[in-house]
Amino acid sequence: MPTGKARTKSTPTTRTASTESAAPKLPSWNGSLLKSKAWKALGTRAKVAKASDLRTLFAKDKKRGATFTAEALGIRLDYSKNVFDSATLKLLFTLAKERKVTAKRDAMFRGEKINMMEDRAVLHVALRAPKGSVIKVDGVDVVPAVHEVLGRMEGFAKKIRARKWLGFTGKPIKNIVNIGIGGSDLGPVMAFEALKSFSDRGLTMRFVSNVDGNDFFEATQDLNAEETLFVVSSKTFTTLETMTNARTAREWSLKTLKDPKSVARHFVAVSTNAEKVAEFGIDTANMFGFWDWVGGRYSMDSAIGLSTMIAVGPKHFAELLAGFHEMDEHFRTTPAEHNLPMLLALVGIWNRNFRQHATVAVLPYCHYLHRFSAYLQQLEMESNGKQTQLDGSPVAWDTCPAIWGEPGTNGQHAFYQMIHQGTSPVPCDFILFEKPVHDLGAHQDMLASNVLAQTEALAFGKTRGEVLAEGVPAWLAPHKTFPGNRPTNLLLCTALSPRMLGKLIALYEHKVFVQGAIWNVNSFDQWGVELGKVLANRIIPEVSSSAAPKLAHDSSTNAAIGHYRKARGRAN
């Protein structure tokens, strides 16, 4: 059984959260997915689909390309090149109803504490809510606080962009180095790269995340400390990698500036821990906060986006937020049959759970989105890479596929061979813009031709008969045959802009939500990242101390520690 084998402008709205302070209760929709009538029926449909192919499906339905297409907010989603029919899609909609996806969605938008494991609301949607909206958590409207922080970010960004923020020696700041990791790095760097054409080219923007010292070295080796500002992003101001890099940044800065008082002019914090921020030497007046209902991978439109706002300016950042909000409202109000996040999610459920496809490639045909797939890796895999249901019982179906990808056309000369002729089909999301950011003649038409050709080739392939008809020798024909029947989605968007980027990110955020709701996992915690951190903190003194440590790991880890210590000239 294909169940994974144990593996537009809107008016302001008012939403109010539950204020119960008791321990979180499991929702009434926590029943087993395997008992779902639609899930069982989809299993039956999957057996039928094994004998289906896209050539036949398109031949039978001349209007298939229009039937399985939805359009909203300047995004046209063509999901017709997936191996299913109308009956299957109807069952997927029924599955979403059975799993009460819309009720869970509405609970999120109301500010209810749907992150039950941490007793928190999940309100990244509040980060882009317009002034006048009312979204309450524990009876408190959070929207004014969001806009207060946005206002402070705007004031600070304007000073930097006007070269009115002066460093300790009186020189204007021209270099911005964002220090973070995970959501506090992937979001800002992805957005900066995506919107580079909208940025102030007189500013040098760098991003440091890796605790590998080479990352920091390369980000700073050609910068003047007198003109460099560090944005240190850590909610607790204790994140190991971020604070290691922050301390190295302070040492680097003080080598030139000497006076510890200079830290206040060359460092700002995105954090909620005022005590730690002040202890570091940062003026808490230059601390930009956010809230526990903002998850790291959903935080790029919070104060975590400060470096983005500095780069592109407050006006473009506001456009980014407007795009997020437009997709939020589309997701919140649009029927499932025309709802872009819902459709993308349900197609993904079909491919993951009933077609057993273990990965998804996200392939933006736009150079500026070269970090978009990496951003989605964290968004999807940290959210839904779970093996435990809300009630603590193990899942008995596959959850998040592996997300990967690179921009086209580069990927065509790297891994498309496997996508076309490999033994494991890979569903692909192709992203194309109708208009280029920079129109250089034939380039965009060539880019578009490649996208359309790839989706056609993956869907329909090339039969042995077609190959032989071209005069290819029989012995060579198998090597030039393409099986086709490889699923793809095509997202055809008007043009890359701050607003469009916001829409695309929110589209995938809500796709993740829908899939997590169906799989009955908590998409908003990430305990899986904790164990490695705990063990690393234990091992740090064992590898760095001058005295030989007493080791109590497994034999492999003990031997590796000993080998490393010897290589570093330390006693064993």
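Predicted model: local features only at pLDDT ≥ 70, side-chain atom pairs only at ≥ 80, totals over all residues.
Visitor: What is the phi of lysine 100?
Guide: Most residues other than glycine have a negative phi. Lysine 100 is not a glycine, yet its phi is positive, near 55 degrees.

Visitor: Is phenylalanine 237 buried or exposed?
Guide: Phenylalanine 237 sits in the loop between strand S8 (228-233) and helix H9 (240-257). Its phi is also positive, about 60 degrees, although it is not a glycine. Since its relative accessibility is 4%, phenylalanine 237 counts as buried.

Visitor: Which peptide bond is cis, with omega near 10 degrees?
Guide: Most peptide bonds are trans. Threonine 409 lies in the loop between strand S12 (402-404) and helix H16 (416-421). The cis bond, with omega near 10 degrees, runs from glycine 408 to threonine 409.

Visitor: Which side chain does asparagine 520 contact?
Guide: Asparagine 520 is placed in the loop between helix H19 (498-519) and helix H20 (530-544). Its relative accessibility is 0%, so asparagine 520 counts as buried. A polar contact of 2.8 Å links its side chain to that of glutamine 389.

Visitor: What distance separates the C-alpha atoms of lysine 503 and lysine 386?
Guide: Lysine 503 is part of helix H19, and because its relative accessibility is 8%, lysine 503 counts as buried. Lysine 386 is 117 residues away from lysine 503 along the chain, and their C-alpha atoms are separated by 26 Å.

Visitor: How many of the 13 residues of H15 are buried?
Guide: Helix H15 covers residues 372-384 and reaches 18 Å from its first C-alpha to its last, close to the 18 Å expected at 1.5 Å a residue. Its buried residues include Phe372, Tyr375, Leu376, Leu379 and Glu380. H15 is mostly covered, and its buried residues number 10.

Visitor: What radius of gyration does the protein chain have?
Guide: The protein chain comprises 21 helices and 14 strands, and 52% of its 572 residues count as buried. For 572 residues, a compact globule would have a radius of gyration near 25 Å, so the chain agrees with that expectation at 25 Å.

Key
Residues numbered from 1 in each chain as written. Heavy atoms only, no water. Helix = DSSP H or I, 4+ residues; strand = E, 2+ residues; numbered from the N terminus. Buried < 20%, exposed > 50% of the residue type's maximum accessible area, 1.4 Å probe, protein only. Polar contact = N/O pair within 3.5 Å; in protein donor to acceptor, adjacent residues only side chain to side chain. Rg over C-alpha atoms; globule rule 2.2 N^0.38 Å. Expected span 1.5 Å × (residues − 1).
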